[in-house]
Amino acid sequence: MLKLTVWKGADTLRIIAGQLKGRKLAAPADKLIRPTPGKVKEALFSMIGPKLEGTVIVDLFSGTGSLGLEALSRGAEKAYFGEKSKAAVQLIADNISRLGVGDRCRLIRGDWKEVLLQIHEPADMIFLDPPYEAGLMQSCLETIWQLKLLAQDGIIAAEHDAHQILPDNIGGFSKQKVKKYGNTAISIFILTSEETGQ
């Protein structure tokens with residue numbers, strides 16, 4: 001059985017703002033899952049926060065579910081959580097339950113491609129946080145593009161190693177900005193102007 005704990009004093013595992021502000025999230029006691037650092041999460045949501053009201057979110061490689069749950073706290077209408085690890089799925093389910101937002105969540109267990117194939121509506125915001133060493137980011141973006149899973153005015157927030165430079169254009173997406181926070185970087189992708197018809 002997976003042993004869960006709440007990391008006391010770790011802002012990474014708290015809801016930072018919104019309706020659920022201050023609520024704690026559970027994490028594995030052995031810390032094998034790498035949550036987004038608190039300062040990175042705060043910076044990310046300061047970049048995208050105003051766009052969240054009433055949105056559909058996809059939190060792929062969701063780990064603790066921290067990003068998707070933060071989005072729900074800030075006004076997102078629905079969140080899809082995708083994870084391959086049985087232990088992580090149990091952890092996300094626990095966090096969804098402790099926050100009482102199960103009616104706005106869909107938790108999908110499987111490989112990232114299997115998860116994407118089970119989402120049948122365009123998302124306004126997609127969080128990508130694959131293992132840094134796995135080299136999956138470009139494939140993820142290309143697959144999201146092929147499946148047309150990003151809404152016309154949607155945003156993809158890709159978290160990656162700060163030393164990794166992602167291409168300016170992947171599939172039908174263009175890189176809008178990159179912000180670095182220590183060893184972590186966030187690259188923001190949007191649909192290219194040709195794809196949006198602008």
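Predicted model: local features only at pLDDT ≥ 70, side-chain atom pairs only at ≥ 80, totals over all residues.

Modeller: Residues are numbered from 1 along each chain as its sequence is written, and side-chain values use heavy atoms, with hydrogens and water left out.

Colleague: How much space lies in the largest cavity?

Modeller: A cavity is a set of points on a 1 Å grid over the protein atoms alone where a 1.4 Å probe fits but cannot get out. Points are joined across faces, edges and corners, and the volume is the space filled by probe spheres set on them. Counting cavities of 30 Å³ or more gives one. The space in the largest cavity is about 50 Å³.

Colleague: Which strand gives the largest share of its lining?

Modeller: Lining residues have an atom within 4 Å of a point, and among them are Tyr132, Glu159, His160 and Asp161. Strands are DSSP runs (E, at least two residues), numbered from the N terminus, and helices are H or I runs of at least four. The largest share, three residues, comes from strand 7 (residues 150-161).

Colleague: Is phenylalanine 61 buried or exposed?

Modeller: Phenylalanine 61 is in the loop between strand 3 (56-60) and helix 2 (66-73), with a positive phi near 55°. Buried means under 20% relative accessible area, exposed over 50%, partly exposed in between (1.4 Å probe, protein chains only). Phenylalanine 61 has 17% relative accessibility, so it counts as buried.

Technical notes. 1 Å grid on protein atoms, 1.4 Å probe; cavity = no way out; pocket = protein on both sides within 12 Å on 5 of 7 lines; lining within 4 Å.
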